[in-house]
Amino acid sequence: MGLLYELQEKYKTVSIVGMAKNAGKTTALNYLIEEAMDDGVRLGITSTGRDGETQDLVTGTEKPQIYLEQDTIVTVPAQLYDLADAGLEILKKTKYSTPMGTLLICRVADSGYVQIAGPPAAMDTKKVCAEMLGYGCELILIDGAIDRKSIASPETSDAIILSTGAVLSRSMRKVVDETAHIVNLYSIPEMEAGEARTLIEENNCDDRIMLIDKEGEITKLNLTTGLGSSRFIDDEIDESTAYVYIPGAFTNSVIIDIDSKKLKQVTFILKNPTKIFLNAMDWARFRKKGLKVNVLKNIEIAAITVNPWSPAGYTFDREALSQAMKEAIPGMPVIDVRV
Amino acid sequence: MRMGANRRLANIKTRREIGLDYVVQSIDLNTPFGKKQLKESKPFFPGEEEALAAELDKVEAMMDFVRQSGKLTEQIQEIFMEVKDVSYSINRAASQSLSVVEIYEIKSLLLAMRRLRHITVREDTSLIPQEYVLEDTTDILDILDPRRDRINTFYIYDEFSERIHELRGNKRQYEISIRKEQKNRREEIKQQYGILLTPKFDISVSKNSADFEKIKAIEDLELADQDYMSATFQLKANEIVYEYMKKMDELNVELEEEEERIRRELSLAISQHAQVLNSNCDKMGALDVALGKAMFAVGHRCVRPEIVPEHIVEIEDGRNLQVEDILKEKGKEYCPVSISLADGVTCITGANMGGKTISLKLSGQVAILAQYGFFVPARKAKVGLSNYIQILIGDSQSVERGLSSFGSEMEELKIMLDNSVERTLLLIDEIASGTNPVEGLALSKSLVDYLLQRPYISLITTHFETVTEKDGVINMQVRGLADVNFTLLNREIQYAKPSERINIISKYMDYRLYRVEKQGQVPKDALNIAKMLGISSEIIEGAQKYIK
């Protein structure tokens, strides 16, 4: 059985997230849909925001509509309903509005091309997915955010498929390294359940930086962002500090001024790995210094799709790219979507 | 005063100030039809007592229903929540073909009507008045639901016509034929050249690869895409495939025409049933309003007002709903007030913070709610209908309009007196308090003289006690702090936080009204209260000196 069958066994919802604009997200989606047909998996398709338009609105590149097989469950805004080439049975008119009209949940009654769109707010995507699962689909593919930095909530789906490709850089080495770095970041360990985790979860409602010492004592800093505040954090860390919770972005400027002894002593806790904005080199440097980072929720990567073609006009050797990616990220399914 | 269709019982400001708007907004309505009907509802005027009694009967019947069948009420409301206003689509169906989404919405509405009708015709719900029972719409539902599965989905189903079934079948057949033909050729290429195409019948190959030239030479493949590194070839369509594709295109045109024809047919069927659909929507709206009114009355412990021929307003233990709701949120009780009004002038006098204005508004609220066919917030109430209800009260709007408080008060007073007719209810709050006391008092007294001779119920709150001395004026006084043990109160105030003081005073305040028969000492609590609220003793003692 193929990849989709395995995905469907493990997850209910999978987001497809691009490493950058034009990393081949739609190509990947089309590939996965075809795989699903071959594996006999009944799919649900939605997106965060509108997708499947014939022209990519940002770069003007061609963006094909998506061909859907009979019985696929799909979300379509009312104004795009009549434009669909496929025959769509309306199952429900949802309460979510999009710029293209109210969102409908439809069943594909006659196979054909459809422009899909989902609720504009990521938090509504989860609710729509629950309704779609109620209509009997086995796996929902969410055409996710344009690039990984804008995934508002990783809670939207059970896992992601990361689309990467030549568009990232003219250097294949760099494409592979950056992708491996992201995969690396996303597999940062989740903070273990226990007293300290409970303390953070109960007290992080106001999005403040928190320090927790070995006795379970909480110190809240009057800062909402850690940006440029490494000196203040350094001031607050004493011998008994065990965890530092950073609610916002985790960048160089959060840790640059922290004493190296203190840096070794504490564990930084983040909401999720999308909060990390350290490049591969800095990340490796700080790790060597003893930086420990845990997240409250990590993001499971189910597979990586690679696109050797860049809209800027250059291409990598497809086999070399797939091979390099597989070597850099052992154990991860790597799919060339252009084959 | 306007008569006829535009006849107005009370102006916008009065409806807002005495709390009719508050009640209307608090009523929980779930259908667009109900919301519209309530917004457009008209009051009952003198002479329409019987119609009003019938309306109150309906509210009473629905209250019984709400009390006895909580579960059914919930079910009905759930149905109502799904209902959308599709009257625009229903009306345009006569001349236009509705879109699939519109037809879906009408089918949803029909399914909601079906479920509602099912509930309302059951025997145990005979409490629901017949006028709210929907007409049967199964015939039009059957047209939109050819499979009779009664599920809330819609599509131009194959069952709508033999022809669409046939066309779609043919289209599918061609799709399969094309795929079959392509698959055969893929197999041939595999056999002949050892090249395997993808399931999409294409192949990408690197230009450096040994296969590149070989693939390039295959006649059945054409170059689809290339760059300096690689090229993508795809299977050329052959004559047979072209023939199928041409036929499919033709089919698509026919399909579109047939779908349009079906939509037109369905639209016409809908339009033929427009009358029953619209009248069912009206009935749903009426039921929604009746349920909303009944639930409001039950929830706010309202009673049926007794509608009497004479022009009076008698309230036993009345509660101003707006204030009561605020107090309830703070966990406090509303102190009910009784008042009895008839043609003539009644004054409310008494302590500051004694709730004079709230009681004034309460009188208006009970009177206007009764005239709009609502139950009223009291233990008992008797209401004789009015032709005109108007409140005169200072508000921030006059300041926004750039008028002085006295200027706008006089302007409104003129409108009020000009519009007053027989059976008028006038509510006047602190007349002429914004000008010098000598002229203010004179004006108040003269106004009272004027009103005494008119067939109006006039209720006036005032601090000028001599206003009440005139023969025929009824004086209702707030008990206020008269019976309070000041030692106790002062002790509590002493230790309280400044912000708590106001709450403590209101805790001790007796808001009830008493009729003062003989002219006696009007309680003067202003200085007491000012002192308790922390005004310095230098000023308070100074003021006391002036009183002596």
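The radius of gyration is taken over C-alpha atoms, and the globule rule is 2.2 Å times the number of residues to the power 0.38. For 548 residues, a compact globule would have a value near 24 Å, but chain B has 38 Å. This is a predicted model, in which local features need pLDDT of at least 70, side-chain atom pairs count only at pLDDT 80 or more, and totals for chains, interfaces and linings use all residues. Residues are numbered from 1 along each chain as its sequence is written, while chains are lettered from A and ligands numbered from 1 in the order in which they are written.

Along the principal axes, the C-alpha atoms of chain B fill a box of roughly 125 × 60 × 45 Å. Chain B holds 21 helices and 13 strands (DSSP runs numbered from the N terminus: helices are H or I with at least four residues, strands are E with at least two).

Chain A contains an open sheet of five strands, ordered E11-E10-E12-E13-E14, with mixed pairing. Two strands pair if DSSP finds at least two bridges between them. Strands E11 (218-220) and E14 (292-295) of chain A stand at the edges with a single partner strand each, so one side of each lacks a neighbour in the sheet. Strand E10 (residues 210-213) of chain A runs antiparallel to E11(A), joined by three bridges. In E11(A), A:Thr219 is the bridge partner of A:Leu211.

The two chains also meet. The contact takes 19 residues from chain A and 16 residues from chain B, where contact requires C-beta atoms, placed from the backbone, within 7 Å. E5(A) gives the largest share of the chain A side, six residues.

Methods. Contact = placed C-beta atoms within 7 Å.
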